[in-house]
Amino acid sequence: MASYLRSWLAAPLTTATPVPEDPDSPTTPTNAPSFSLTEPNDGDNASEEDNDEVPAFPAVNSAQRIASNPSSVSSMLTTSSLMPPPAIPPPRRPGAPAPSSSSLMLPPSTTKAPPSAKSRKVALAPGHSPLDWAALKTSGADLRGGASTLARITPSVLKTHNKRDDAWSAFNGKVYNITPYLPFHPGGERELMRVAGRDGTSLFARTHGWVNVDFMMDACLVGFLVPEPSS
Ligand code: HEM
């Protein structure tokens with residue numbers, strides 16, 4: 001091993017950069033230590049000693065080699081065995097669309113609105129904002145349409161409360177008087193009236209399951225939905 005390193009260090013740059021033969025050349029120091037390539041085996045690894053081929057240094061096609069011989073740059077660019085340089089793209093005409101693979105293009109998500117982004121909210125009359133509803137429902141005003149106790153309400157009784165001025169609807173088993181909320185509903189009175197006199201749980205969940213109906217309508221609770229009595 002040691003002799004391998006010695007020979008590697010001592011090897012004149014003959015396998016790498018060609019060095020002029022002139023002994024007075026500044027690249028060949030006269031006082032440089034010299035090592036014999038035929039030194040006896042020091043016994044650490046015989047098989048390694050047998051294969052003392054010195055690798056090219058600097059490595060073939062390395063930056064050091066190119067720097068020492070600028071003419072080899074042109075040979076690297078023309079040698080077909082090496083990777084060719086990328087093709088030069090054709091100049092773009094002004095106004096022409098950017099190529100689709102360009103990383104500078106805006107992602108499609110920012111150029112096109114998602115189809116579901118269209119809001120179906122309606123313009124609420126002044127004084128009917130969500131904040132106004134919150135203020136009204138905590139004001140102590142009667143929002144139950146006169147009902148003083150919570151009742152057990154069957155679907156047939158619920159069905160009779162289907163007019164705009166007397167509208168009840170059931171959500172998750174609870175029956176609410178929705179009449180006072182109609183002008184406050186962001187989706188509009190018409191939408192809300194679709195569930196007047198019936199169970200609106202499914203439609204509500206499909207429209208806006210994230211809305212907390214129990215909290216928003218607590219002041220309008222009139223009873224609980226129960227099945228028809230069996231005869
Ligand atoms: C008492 C029951 C209900 C309450 C408390 C309620 C409440 C609300 C609230 C708070 C919003 C605004 C949602 C938001 O800003 O994201 C809204 C929007 C809406 N609601 Fe209701 N809602 C009720 C029942 C219903 C029902 C039964 C329907 C359908 C038949 C409906 C249809 C809509 C629609 C279409 C919107 C607009 C959604 C949008 O495009 O932004 N609502 N509702």
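Trainee: What share of the protein chain is buried?

Mentor: Buried residues make up 13% of its 231 residues in this predicted model. To count, a residue needs 20 or more other C-beta atoms within 10 Å of its own.

Trainee: Why is serine 129 called partly exposed?

Mentor: Count its neighbours. Serine 129 has 13 C-beta neighbours inside 10 Å. Exposed means 12 or fewer, and buried means 20 or more. The count of 13 falls in between, so serine 129 is partly exposed.

Trainee: Where does serine 129 sit?

Mentor: In the loop between α5 (108-111) and α6 (130-137). Its C-alpha atom is 8.6 Å from that of histidine 185, which lies 56 residues away along the chain.

Trainee: How do you know that both faces of β4 are covered?

Mentor: Look at the residues on each side. Lys174 and Tyr176 are on one face, and both are buried. Val175 and Asn177 are on the other, and they are buried too. In a regular strand, side chains alternate between the two faces of the sheet.

Trainee: What makes β3 and β4 a pair?

Mentor: Pairing takes at least two bridges. β3 and β4 have four, so they pair, and they run antiparallel. One of the links joins phenylalanine 171 to lysine 174 of β4.

Trainee: What lies between the two strands of that hairpin?

Mentor: Two residues. Asparagine 172 takes a positive phi there, near 55°.

Trainee: How do you know that β4 also pairs with β6?

Mentor: Apply the rule of at least two bridges again. Three bridges join β4 to β6, so these strands pair as well, in antiparallel fashion. Lysine 174 has phenylalanine 224 as its bridge partner in β6.

Trainee: Which residues have the most contacts inside the largest nonpolar core?

Mentor: They are Trp168, Val175, Tyr176, Ile178, Tyr181 and Cys220, in a core of 19 residues. β3 (166-171), β4 (174-177) and β6 (221-225) each supply at least two of the core's residues. β3 gives the most, with four.

Trainee: What does cysteine 220 touch, leaving aside its neighbours within four places in sequence?

Mentor: Its contacts are Leu143, Arg144, Tyr176, Asn177, Ile178, Pro180 and Tyr181.

Trainee: What surrounds the ligand?

Mentor: A shell of 21 residues. The closest are Arg120, Pro186, Gly187, Glu191 and Thr207. α8 (189-193), α9 (201-208) and α10 (213-216) each give two or more residues to this shell. α9 gives the most, with four.

Trainee: How do the residues of the shell divide by type?

Mentor: There are 11 nonpolar, six polar and four charged.

Trainee: What share of the chain's contacts comes from residues 24 or more positions apart?

Mentor: They account for 72% of the contacts with a separation of 6 or more. The chain that makes them has 10 helices and six strands.

Trainee: How many of the residues reach a pLDDT of 70 or more?

Mentor: 65% do, and the mean for the protein chain is 79. Residues 13-21 are below 50, with 15 contacts beyond near neighbours in sequence. Residues 32-43 are also below 50, with 10 such contacts. Where pLDDT is low, the predicted coordinates should not be read in detail.

Trainee: What does the model score overall?

Mentor: ipTM is 0.95 and pTM is 0.59.

Methods: Residues numbered from 1 in each chain as written. Predicted model: local features only at pLDDT ≥ 70, side-chain atom pairs only at ≥ 80, totals over all residues. Near = placed C-beta within 6 Å. Nonpolar A, V, L, I, M, F, W, Y, C, P; charged D, E, K, R; others polar. Core = buried A, V, L, I, M, F, W, Y, C linked by C-beta atoms within 7 Å. Contact = placed C-beta atoms within 7 Å. pLDDT = per-residue confidence, 0-100.
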